[in-house]
Amino acid sequence: GPYKLPEGWRWVRLGEVAADIQTGFAFRKKGAHKGDIIHIRPYNIGEGGELVLTEQFLIPCGALPKGWTGLQPGDVLFNNTNSVELVGKTALVRTALKAAFSNHITRIRTNHEECTGEWLALTLNSLWRQGFFRHRCNKWIGQAGYNTEALRDTPIPLPPLEEQRRIVARLE
């Protein structure tokens with residue numbers, strides 16, 4: 001890893017602690033109907049790591065891909081495409097939501113026996129604030145992206161579960 005960790009901690013790749021990583025799907029505003037499912041967009045991910053639903057883009061149920069599931073507490077929403085400065089912004093889902101998310105967002109569900117969603121969201125937001133994603137994202141004219149494979153390969157510090165919970169509780 002990039003630096004020495006406290007005793008009992010270890011460096012892992014994000015993909016090692018993720019039970020599932022799923023990218024969202026596009027839905028054009030122009031073709032939108034008055035819907036009943038929230039389609040979470042990058043602007044719904046606050047810079048403090050919270051999910052901000054004051055502005056909602058709704059899509060019809062019929063627009064959901066087959067087998068689509070909603071969001072669960074502990075899910076982590078990672079902003080994979082945005083401006084260079086905002087790629088990597090991350091939010092934690094705290095309550096179950098009947099919602100979908102755009103292709104600019106990747107949902108990460110952790111293996112709860114190894115890593116809590118709260119710890120992962122805290123870690124990804126810390127990396128974002130340090131400029132980790134800004135320096136490693138693909139840059140195009142007007143936007144940037146951090147793909148799923150790069151996300152899986154991202155190194156994160158992993159303390160024991162009890163320590164993850166203790167740190168998150170202290171910081172919250």
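**Rings, strands and a helix**

Modeller: Arginine 41 sits over the face of phenylalanine 57, 3.9 Å from the ring centre. Keep in mind that this is a predicted model.

Colleague: How many aromatic pairs are there?

Modeller: The count comes to nine aromatic pairs. Tyrosine 3 and tryptophan 11 form an edge-to-face pair, with 5.0 Å centre to centre and 80° between the planes.

Colleague: Which residues do ring pairs link into a cluster?

Modeller: Phe78, Phe132, Phe133 and Tyr146 are linked that way.

Colleague: Switching to strands. What is the order in the open sheet?

Modeller: The order is β4-β3-β8, three strands with mixed pairing. β4 (58-59) and β8 (99-101) are at the edges with a single partner strand each, so one side of each has no neighbour in the sheet.

Colleague: How does strand β3 join β4?

Modeller: Strand β3 (residues 37-40) and β4 run antiparallel, joined by two bridges. Isoleucine 38 is opposite leucine 58 in β4.

Colleague: Last one: where is histidine 135, and is it buried or exposed?

Modeller: Histidine 135 is in helix α3 (residues 132-136). Histidine 135 counts as exposed because its relative accessibility is 59%, and the cut-off for exposed is over 50%. From isoleucine 21, histidine 135 is 114 residues away in sequence and 22 Å away in space, C-alpha to C-alpha.

Notes. Residues numbered from 1 in each chain as written. Predicted model: local features only at pLDDT ≥ 70, side-chain atom pairs only at ≥ 80, totals over all residues. Heavy atoms only, no water. Helix = DSSP H or I, 4+ residues; strand = E, 2+ residues; numbered from the N terminus. Buried < 20%, exposed > 50% of the residue type's maximum accessible area, 1.4 Å probe, protein only. Phe/Tyr/Trp six-rings, centres within 6.5 Å; stacked < 30°, edge-to-face > 60°. Lys NZ or Arg CZ within 6 Å of the ring centre and 35° of its normal. Pairing = 2+ DSSP bridges.
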